[in-house]
Amino acid sequence: MSYTPYTAVALQPLLPAPTGPVLAWPFQRDQVYSNKGLQVHLPVIVTQASKHQSLSKNQSITYNVCSLQGLLRQTLIGHTSQIISYWGYPCEEYDVVTKDGYILGTYRIPHGRGCPRKTGPQPIVYLQHGVIASASNWICNLPNNSLAFLLADMGYDVWLGNSRGNTWSRKHLKLSPKSPEYWAFSMDEMAKYDLPATIDFILKKTGQQRLYYVGHSQGTTIAFIAFSTNPELAKRIKIFFALAPVVTVKYTQNPMKKLTNLSRQGVKVLFGDKMFYPHTFFDQFLATKVCSRKLFHRICSNFLFSLSGFDANNLNMSRLDVYLAQSPAGTSVQNMLHWAQVVNSGRLQAFDWGNPEQNMMHFHQLTPPLYNVTQMEVPTAVWSGGQDILADPKDVENLLPQIANLIYNKSELIIYNGYPSEEYEIVTEDGYILLVNRIPHGRRHARSTGPRPVVYMQHALFGDNTYWLENYANGSLGFLLADAGYDVWMGNSRGNTWSRRHRTLSAAEEEFWAFSFDEMAKYDLPGVIDFIVNKTGQEKLYFIGHSLGTTIGFVAFSTMPELAQRIKMNFALGPVISFKYPTGIFTNFFLLPNSILKCTIFFLFVISFHESYPEFFSEKNGTPLFQLYRSDEFRAYDWGSEAQNMQHYNQSRPPLYNLTAMNVPTAIWSGGRDVLITRQDVARVLPQIRSLRYFKEFPDWNHFDFVWGLDAPQRLYSKIIALMKEYS
């Protein structure tokens with residue numbers, strides 16, 4: 001049979017850079033070659049682990065086309081950077097040097113396929129693998145099923161880390177991997193040195209201040225340790241995504257649990273005192289010669305996933321050879337001894353060096369210190385597996401109450417629905433850091449130019465700005481306004497999940513929580529509105545508040561005339577001003593004695609802080625509701641004594657808020673079945689609104705129908721948009 005010579009010029013664009021230990025193939029990806037006997041002359045670049053050898057333009061190597069599919073497969077079992085390049089993604093490779101001299105291989109995918117590097121900064125995501133694994137874990141599946149590739153295509157700047165001692169981080173400034181001293185590390189050092197060094201490097205390289213962190217298995221462990229012991233590092237993390245989190249392993253069914261039956265010396269006799277479970281020639285042989293065959297899939301999967309378990313129905317079994325070619329990647333024997341210690345003790349504790357003298361040398365105490373996860377304040381989202389034999393569901397269940405700022409996914413909700421998303425941190429005059437999200441335009445307005453009218457939305461007590469986004473795109477006010485041509489901004493009040501940071505105070509300090517809606521009106525709202533106006537270059541905006549969001553608006557607009565002048569129209573949904581006639585549980589609750597009320601508020605605060613539900617509960621923020629109910633006066637917070645009130649207000653009693661002083665055009669909606677803000681309370685408020693332009697009661701609505709009601713788009717949201725156009 002004949003053959004067709006391919007020119008080097010035609011093939012050059014498809015050739016990945018010669019940076020790894022395998023052949024780089026000049027063929028279209030995923031193309032199957034099956035004609036037996038056809039000979040093709042291929043100009044290629046041969047890259048080996050020990051040397052790079054390039055053939056001249058006129059040279060060629062002859063291969064039987066039957067073997068091409070296997071040769072192409074080898075690209076996917078080579079170096080991490082080769083796998084990234086093979087799928088058409090840009091790849092950068094860096095060596096990060098830790099404080100104690102270890103050199104960590106770190107990879108970057110700066111943007112997605114077909115997405116040239118943007119001029120502005122992209123949000124950063126750092127991915128950290130599990131025990132005896134490597135960065136390749138995040139790219140071993142096809143691009144549409146690998147987290148690193150998906151994130152890059154979604155517009156993120158993706159970084160992949162490698163822990164010390166694995167295949168791609170086995171170097172040191174002074175020590176040789178052949179020496180026992182090199183391997184004298186465990187997860188302690190990964191948390192103390194590796195993670196800070198890598199994150200510092202990434203942020204300096206990108207010029208950004210914070211990033212998202214995604215960890216799997218041991219990747220979560222070192223994060224829990226680092227973020228709970230290193231507050232400065234924790235401040236650099238936007239959200240910590242914990243996949244199969246491992247903090248305690250009391251209930252693990254992992255086969256490595258049998259290590260705990262051996263003495264430390266017995267483990268070293270079996271495995272030595274250096275490397276544990278490295279990637280070997282035998283593993284590579286299995287990957288390339290055995291596991292690529294369907295007959296051996298079951299055997300290979302049992303070998304590969306012996307430490308964690310697997311589900312064949314949820315695994316791409318055709319890629320077992322790719323998985324096995326990258327895993328295991330190795331760690332230190334000392335690290336596995338540390339894990340055995342965690343299994344035995346049932347606690348997350350630093351490595352026990354075996355005698356009090358050595359512990360004293362390392363920790364300045366006779367026993368290893370415990371790691372206290374409750375001290376970590378980073379917003380954290382957790383996913384676990386019901387059949388996970390390493391991160392057992394019972395262990396995960398015990399972990400969750402210890403996570404002070406446990407959340408689920410949030411800002412990605414906007415992108416998931418196909419809308420553009422921007423995120424900003426706004427620092428108030430008194431130092432609170434507020435997270436604000438922006439949807440600059442709708443799904444169909446990407447190419448529109450010129451300024452759009454701005455809308456700012458403020459959520460209720462116990463809430464966050466996802467309230468405006470949770471009913472799908474066609475039922476959520478935030479999305480509907482964006483599609484109607486508005487520039488939509490959504491705030492988060494101080495103290496909720498997304499705004500629980502301060503320039504100098506920690507959320508663990510009582511002083512952090514010394515605020516109420518007074519401070520939200522005095523500092524939060526002006527700070528956010530000033531930022532939005534300056535950012536957009538516009539002079540005025542629309543304000544939409546729900547529940548406590550309306551309270552903040554009424555206080556701010558009636559006490560700060562200059563701020564009020566920036567508001568085109570105030571839309572108040574379920575307004576909270578008068579609070580004399582609540583019904584149901586509230587009536588009995590507010591009649592409790594002060595001492596019991598205070599204990600109840602404190603209990604709610606503790607529950608909310610440690611379980612993150614409700615979103616936040618400042619004792620000082622809850623008290624004005626009772627103050628409003630009992631006094632029937634809309635006043636500033638009563639500090640409890642004339643002396644303290646004098647200190648804050650220069651008068652013995654808190655000042656009254658005078659709604660009649662507000663001149664902002666206002667539209668109000670109320671619910672006839674609202675047990676919190678009843679019809680009688682709303683009726684008392686309406687005469688005080690001098691610029692009332694519209695009022696509507698929905699007789700069948702309760703307090704949350706304004707944000708979650710299925711009929712809200714037709715009955716309420718359409719009218720809001722119509723009024724915005726009328727008062728443009």
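User: Are α5 and α6 roughly parallel or roughly perpendicular to each other?

Analyst: The model is predicted, with pLDDT of at least 70 needed for local features and 80 or more for side-chain atom pairs, while totals for chains, interfaces and linings use all residues. Residues are numbered from 1 along each chain as its sequence is written, and side-chain values use heavy atoms, leaving out hydrogens and water. Helices (H or I, at least four residues) and strands (E, at least two) are DSSP runs numbered from the N terminus. Axes are lines fitted to C-alpha atoms, for helices over the stretch in contact, and angles run from 0 to 180 degrees between N-to-C directions; under 35 degrees counts as roughly parallel, over 145 as roughly antiparallel, 65 to 115 as roughly perpendicular and the rest as oblique. Here the axes of α5 and helix α6 (residues 218–229) cross at roughly 80° and come within 9 Å, and therefore α5 and α6 are roughly perpendicular to each other.

User: Which residues of α5 and α6 make the contact?

Analyst: Contact means heavy atoms within 4.5 Å. On the α5 side the residues are M187, M190, A191, L195 and I199, and on the α6 side they are Q218, T221, I222, A223, I225, A226 and F227. Sorted by class (Ala, Val, Leu, Ile, Met, Phe, Trp, Tyr, Cys and Pro are nonpolar, Asp, Glu, Lys and Arg charged, the others, Gly among them, polar), the contact of α5 with α6 has ten nonpolar, two polar and no charged residues.

User: At what angle do the axes of helix α5 and helix α12 cross?

Analyst: The axes of α5 (residues 187–206) and α12 (residues 333–345) cross at roughly 110° and come within 8 Å, and α5 and α12 are therefore roughly perpendicular to each other. From α5, the residues M187, D188 and M190 meet N335, H338, W339 and V342 of α12. The contact of α5 with α12 divides into four nonpolar, two polar and one charged residues.

User: How many salt bridges does a search of the whole structure find?

Analyst: Side chains of opposite charge can pair when their charged atoms come close. A salt bridge is a side-chain nitrogen of Lys or Arg within 4 Å of a carboxyl oxygen of Asp or Glu, and the search of the whole structure finds 17 of them. One of them joins the side chains of D95 and K171, at 3.4 Å from N to O. D95 sits in strand β5 (residues 92–97) and K171 in strand β9 (residues 171–172), so that distant parts of the chain, 76 residues apart, are linked. For accessibility, buried means under 20% relative accessible area, exposed over 50% and partly exposed in between (1.4 Å probe, protein chains only). D95 is partly exposed at 44%, and K171 is partly exposed at 41%.

User: Which residue forms a salt bridge with R566?

Analyst: The partner of R566 is D530, with the closest N and O atoms 2.3 Å apart. R566 is in the loop between α19 (561–564) and β21 (567–573), D530 is in helix α17 (residues 517–536), and the pair links distant parts of the chain that are 36 residues apart. R566 has a relative accessible area of 28% and is partly exposed, and D530 is partly exposed with 31%. Salt bridges that share partners also join E92, R108 and D157 into one network.

User: Is T98 buried or exposed?

Analyst: T98 is buried, its relative accessible area being 4%, and its place is in the loop between β5 and β6 (102–109). Not counting residues up to four places away in sequence, T98 touches L104, R164, Y193, D194 and A197. Looking at the protein as a whole, buried residues make up 55% of its 728 residues.
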